[in-house]
Amino acid sequence: MRQEMVRREEAELRRSHQKPRSPEGWGLLLVLWYLAFYKPIITESHLRRKNIEFIFIRFSAWQYAGCDKLWAGLVTTLCDSIRHHFGALPLSVYHVMGTRPRFASGFSQKEWVLKTGTCLKLWGLLFVLGAGLTILLVALLVPGIKDHHALKVVGSAVTSLSGSGLALGAFSILKNLLISEKQKIERLTNSEKFTSQLGFMSKVRNEVEVLVDFLSFMEIFERRRLRVVLEITSLDICYPEKVAGVLNAMNTLLSEANTPFIFILAVDPSVIVPCLEQTSCMKGLADNGYLYLNRTVTLPFSIPEMGARSRLRFLEAAIQTREDLMYRIITSNVERRRAKCQAVPAVPSRQEADAEAVRCIHEAFRCLHDSADPLARYLPTSGAHVRRIVNTIPITLRLLLHRAGTPGTPSPRAAAAWVVLADQWPCRLSWVLQCLEDAWQSRPTADFGARSLWSIFQENVGELSSLRQPLHNVLSLDGDPELFQTFLASDFPFTARDARAFLGVTVNLDHSIRHKMGLLRGLDRLQKATAAPVSRGVQCPH
């Protein structure tokens with residue numbers, strides 16, 4: 001994401017020749033000037049900007065696991081991080097004098113419009129203050145008028161009234177400067193009447209809306225898009241009610257159409273799903289945590305199992321943490337310097353790799369758009385599932401191109417079909433992959449490459465039927481079984497060789513489903529193995 005930020009920044013600078021601004025140094029004075037006297041306008045040129053800045057915020061749920069409302073910790077972390085990123089003063093001034101950005105009328109390219117009302121009020125207050133001070137000084141210093149108490153009273157009153165307006169604004173800014181949004185929310189949550197406050201959620205939402213409007217203001221000032229990326233970790237070691245609370249807070253923050261938030265949820269689904277199913281948030285979803293996650297997550301990314309090289313790299317990193325083996329780091333640095341001095345084979349440039357990836361992505365999307373292509377009729381009717389497929393195809397193709405050195409790289413159309421298959425029938429596909437994995441492990445020398453996945457499914461469908469009770473929630477995720485048969489039997493007859501090529505890049509399939517199936521399958525076989533000798537040994541009681 002950081003590399004993408006740099007690339008877009010350079011491309012936007014070449015296109016518009018406008019450098020982005022920052023609220024630091026002289027930029028701080030400039031942003032305060034705009035906050036006080038100008039209204040931001042969202043123009044067409046601003047909407048065309050492609051440069052973006054990601055503001056990364058890490059939220060470890062375990063650090064807030066002891067508080068009554070874990071989601072309140074998420075909101076306070078968000079508010080505090082944005083305050084630290086932009087500075088307390090701009091945000092405090094925005095609370096008092098800031099204006100929410102509005103869209104331009106027509107094709108106007110003016111991004112800032114003067115606040116005539118604010119300017120008139122300020123000049124009026126300054127004029128009245130100056131007049132009051134003049135009257136007061138005249139009443140106090142001019143010899144012939146010193147005895148006139150009426151002028152002193154009038155001058156004092158006018159000065160006090162006009163000065164109090166300015167002092168009130170300065171006091172409001174100072175109050176927001178000293179009391180942050182985090183402290184406001186913590187004060188609300190610490191209240192004894194916290195659970196019974198009718199307007200509590202409204203107050204929290206108002207604070208978040210102010211932050212969203214402030215980010216929109218800073219987008220126009222900095223001349224780039226801003227996105228807040230919240231990395232949520234350690235959620236799978238918290239209590240079930242708190243897990244549901246954080247996910248509800250995420251959905252609340254993402255409920256607006258143009259919200260600037262991106263959530264990266266790093267969790268183990270096999271732990272999160274049972275937590276969700278134990279809470280009351282599952283009412284109306286047939287107590288199925290998988291359905292809840294599918295409606296919440298728009299880009300699933302299940303990390304595949306480690307390959308041989310990854311295991312060795314992980315082992316090397318673990319070894320290097322040992323103090324008695326630190327000399328290995330020095331040795332590896334020396335070897336790395338020697339390798340730089342040697343000639344290395346030419347590799348494709350990043351631009352060439354990106355161009356090839358874009359070509360493959362366009363080809364895959366063309367197949368989805370082509371009504372004559374059989375793949376188009378397998379697209380889901382749910383908008384959330386369509387977004388998941390559209391988000392996943394580019395990642396899958398880029399991972400495939402990254403491993404393009406391996407023989408038999410699938411085509412973009414096949415990759416798009418595989419993504420649709422994993423999204424529409426996750427349970428049946430996981431079952432086929434688990435059966436295939438068990439076959440590979442039990443007979444490593446056998447060649448299963450040419451066998452179709454549909455034939456493997458047919459052979460083991462009886463065993464899947466016997467496990468339908470413990471796999472009920474997972475089976476409910478699958479689409480039409482008849483379409484699954486048509487998909488694998490005729491339209492896209494994937495083989496075991498294809499499955500092996502795709503398995504390492506399948507990010508939209510929850511691998512915990514396959515692991516659960518492997519455990520259930522092993523237990524079922526163990527029960528049958530222990531029951532078989534008993535049944536043969538049963539004789540007549542006489």
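This is a predicted model: local features need pLDDT of at least 70, side-chain atom pairs count only at pLDDT 80 or more; totals for chains, interfaces and linings use all residues.
Local features need pLDDT of at least 70, side-chain atom pairs count only at pLDDT 80 or more, and totals for chains, interfaces and linings use all residues. Residues are numbered from 1 along each chain as its sequence is written, and side-chain values use heavy atoms, with hydrogens and water left out.

**View 1. The open sheet β3-β1-β4 has three strands and mixed pairing.** Strands (E, at least two residues) and helices (H or I, at least four) are DSSP runs, numbered from the N terminus. Strands pair if DSSP finds at least two bridges between them. β1 (residues 38-42) runs parallel to β3, joined by two bridges. Ile41 stands opposite Arg102 in β3. β3 (102-103) and β4 (112-114) are at the edges; each has a single partner strand, so one side of each lacks a neighbour in the sheet.

**View 2. Helices α15 and α16 cross at roughly 135°.** Helix α15 spans residues 350-369 and helix α16 residues 383-402; their axes come within 9 Å. Axes are lines fitted to C-alpha atoms over the stretch in contact, with angles from 0 to 180 degrees between N-to-C directions. Contact means heavy atoms within 4.5 Å. Residues of α15 including Phe365 and Leu368 meet residues of α16, among them Leu397 and Leu401. The residues of this contact divide into twelve nonpolar (Ala, Val, Leu, Ile, Met, Phe, Trp, Tyr, Cys and Pro), three charged (Asp, Glu, Lys and Arg) and no polar (the others, Gly among them).

**View 3. Gln434 sits in helix α18 (residues 426-442).** Leaving out residues up to four places away in sequence, Gln434 touches Arg514, Met517, Gly518 and Arg521.
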